[in-house]
Amino acid sequence: MDINNMIKSLSSKIADRIKTILSISDMIPGSYNQVYCKCGKPTCWCYKEDKGHPARRITWYENGKYRTKAIPQKDVQWIKFATENYKKYKKNLKILIMLNDNLIECLKKHSKE
């Protein structure tokens with residue numbers, strides 16, 4: 001493929017990737033997890049069991065530290081949806097950056113021809 005066709009192809013792929021990124025909404029950075037915690041009460045069933053009470057959490061990285069927040073049961077589906085959307089966004093952004101870098105290299109080659 002000649003350099004002009006490569007540039008056109010990369011430009012088209014970049015435009016498609018931007019459309020994909022812009023179509024992603026309701027994003028929250030972080031990961032949803034369900035963990036099990038023991039309450040510490042000697043009379044509770046969890047005191048003698050291996051697993052404790054289920055707790056839903058979202059964890060994210062902010063200002064050089066990991067943060068964690070408890071999630072109420074009613075928000076679990078939305079949090080899962082929003083964190084998955086953020087993962088899709090990051091994946092597509094990574095690909096967009098790679099395509100853009102390739103386009104820049106092709107444009108540099110084009111200027112030398």
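Reader: How many bridges join S2 to strand S3?

Author: Happy to start there, and do keep in mind that this is a predicted model. Strand S3 covers residues 65-70 and runs antiparallel to S2. Within this pairing, Thr59 stands opposite Thr68 of S3. The number of bridges joining S2 to S3 is six.

Reader: Which residue in the turn between S2 and S3 has a positive phi?

Author: S2 and S3 form a hairpin, with two residues between them. In that turn, a positive phi of about 50 degrees belongs to Asn63.

Reader: Which ring does the charged end of Lys51 sit over?

Author: The charged end of Lys51 is 4.3 Å from the centre of the ring in question. That ring belongs to Tyr36.

Reader: Let's turn to the helices. What span should H1 have, and why?

Author: Helix H1 takes in residues 3-23, which makes 21 residues.

Reader: Why do the buried residues of H1 line one face, and what do they pack against?

Author: The buried residues include Ile3, Ile7, Leu10, Ile14 and Ile21. Seen down the axis of H1, these buried residues fall within an arc of 65 degrees, so they line one face of the helix. On the other side of H1, Lys8, Lys19 and Ser23 are exposed. The buried residues pack against helix H2 (76-112).

Reader: How many aromatic pairs are there, and which one is edge-to-face?

Author: The count comes to two aromatic pairs. In the edge-to-face one, the rings are 4.8 Å apart centre to centre, with 65 degrees between the planes.

Reader: What kind of pair do Tyr86 and Tyr89 form?

Author: Tyr86 and Tyr89 both lie in helix H2, three residues apart, about one turn of the helix. An α-helix has 3.6 residues a turn, so residues three or four places apart point the same way. With 6.1 Å centre to centre and 35 degrees between the planes, the pair of Tyr86 and Tyr89 is tilted.

Conventions
Residues numbered from 1 in each chain as written. Predicted model: local features only at pLDDT ≥ 70, side-chain atom pairs only at ≥ 80, totals over all residues. Heavy atoms only, no water. Helix = DSSP H or I, 4+ residues; strand = E, 2+ residues; numbered from the N terminus. Expected span 1.5 Å × (residues − 1). Buried < 20%, exposed > 50% of the residue type's maximum accessible area, 1.4 Å probe, protein only. Arc of directions from axis to C-beta. Contact = heavy atoms within 4.5 Å. Phe/Tyr/Trp six-rings, centres within 6.5 Å; stacked < 30°, edge-to-face > 60°. Lys NZ or Arg CZ within 6 Å of the ring centre and 35° of its normal. Pairing = 2+ DSSP bridges.
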